[in-house]
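User: I am new to this structure and would like to learn how to read it. Please take me through it one feature at a time.

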Amino acid sequence: MANQLGVLNALDAAKTQWYHFTAIVIVGMGFFTDTYDLFSISLITKLLGPIYYFDALSEKPGTLPPRIVAAVNGVAFCGTLAGQHFFGWLGDKLG
């Protein structure tokens, strides 16, 4: 506990350096690329419909069934959560 307080006090007393701005830019890039990934998954599901579920006789040819859309979105969000946890842990261990 005493060691943790010493580290926290050292962080509070440290001056802002170029390293801090670099870390902010890197974290921001990761955040925005992750956001783009989650945004684009809805567009990807629209593109998968005409490729894999085209049926000219149906009411809506080329649309994914709702359960498939939910599965693709769920896998994307679970993968994002698992990736954030894994790479966060890896950053704590190696960074």
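Analyst: Start with T80, which is found in helix α3. Helices here are DSSP runs of H or I with at least four residues, strands are runs of E with at least two, and both are numbered from the N terminus. This is a predicted model: local features need pLDDT of at least 70, side-chain atom pairs count only at pLDDT 80 or more, and totals for chains, interfaces and linings use all residues. Residues are numbered from 1 along each chain as its sequence is written, and side-chain values use heavy atoms, with hydrogens and water left out.

User: Is T80 buried or exposed?

Analyst: Read the relative accessible area. Buried means under 20%, exposed over 50%, and partly exposed in between, with a 1.4 Å probe and protein chains only. T80 has 11% relative accessibility, so T80 counts as buried.

User: Which residues does T80 touch?

Analyst: Contact means heavy atoms within 4.5 Å. Leave out residues up to four places away in sequence, and T80 touches D34, D37 and L38.

User: How far can I trust the model in each part of the chain?

Analyst: Look at pLDDT, the predictor's confidence in each residue, from 0 to 100. The protein chain has a mean pLDDT of 84, and 97% of its residues reach 70 or more. Confidence is lowest in helix α1 (residues 2-13), at a mean of 74. Confidence is highest in α3, at 89.

User: How do I check the length of helix α2?

Analyst: Compare the span with an expected one. The expected span is 1.5 Å times one less than the number of residues. Helix α2 covers residues 18-52, which is 35 residues, so α2 should span 51 Å. The end C-alpha atoms of α2 are 50 Å apart, which agrees.

User: Where is α2 kinked?

Analyst: The bend at a residue is the angle between axes fitted to the seven residues ending there and the seven starting there. In α2 there is a kink of about 30 degrees, centred on I41.

User: Which residues of α2 are buried?

Analyst: They are S40, I41, T45 and G49. These buried residues pack against α3 (66-94). An α-helix has 3.6 residues a turn, so residues three or four places apart point the same way.

User: What does T45 touch?

Analyst: T45 lies in helix α2. Its relative accessibility is 8%, so T45 counts as buried. Not counting residues up to four places away in sequence, T45 touches L64, V72 and N73.

User: How many aromatic pairs does the structure hold?

Analyst: Rings of Phe, Tyr and Trp (its six-membered ring) pair if their centres lie within 6.5 Å; planes under 30 degrees apart count as stacked, over 60 as edge-to-face and the rest as tilted. The structure holds 4 aromatic pairs. In one of them, F31 and F32 have ring centres 5.4 Å apart and planes at 70 degrees, so the pair is edge-to-face. Both F31 and F32 are exposed. Another pair, F86 and F87, is edge-to-face, at 5.1 Å centre to centre and 70 degrees between the planes. F86 counts as partly exposed at 43% relative accessibility, while F87 is exposed at 56%. Ring pairs link F86, F87 and W89 into a cluster.
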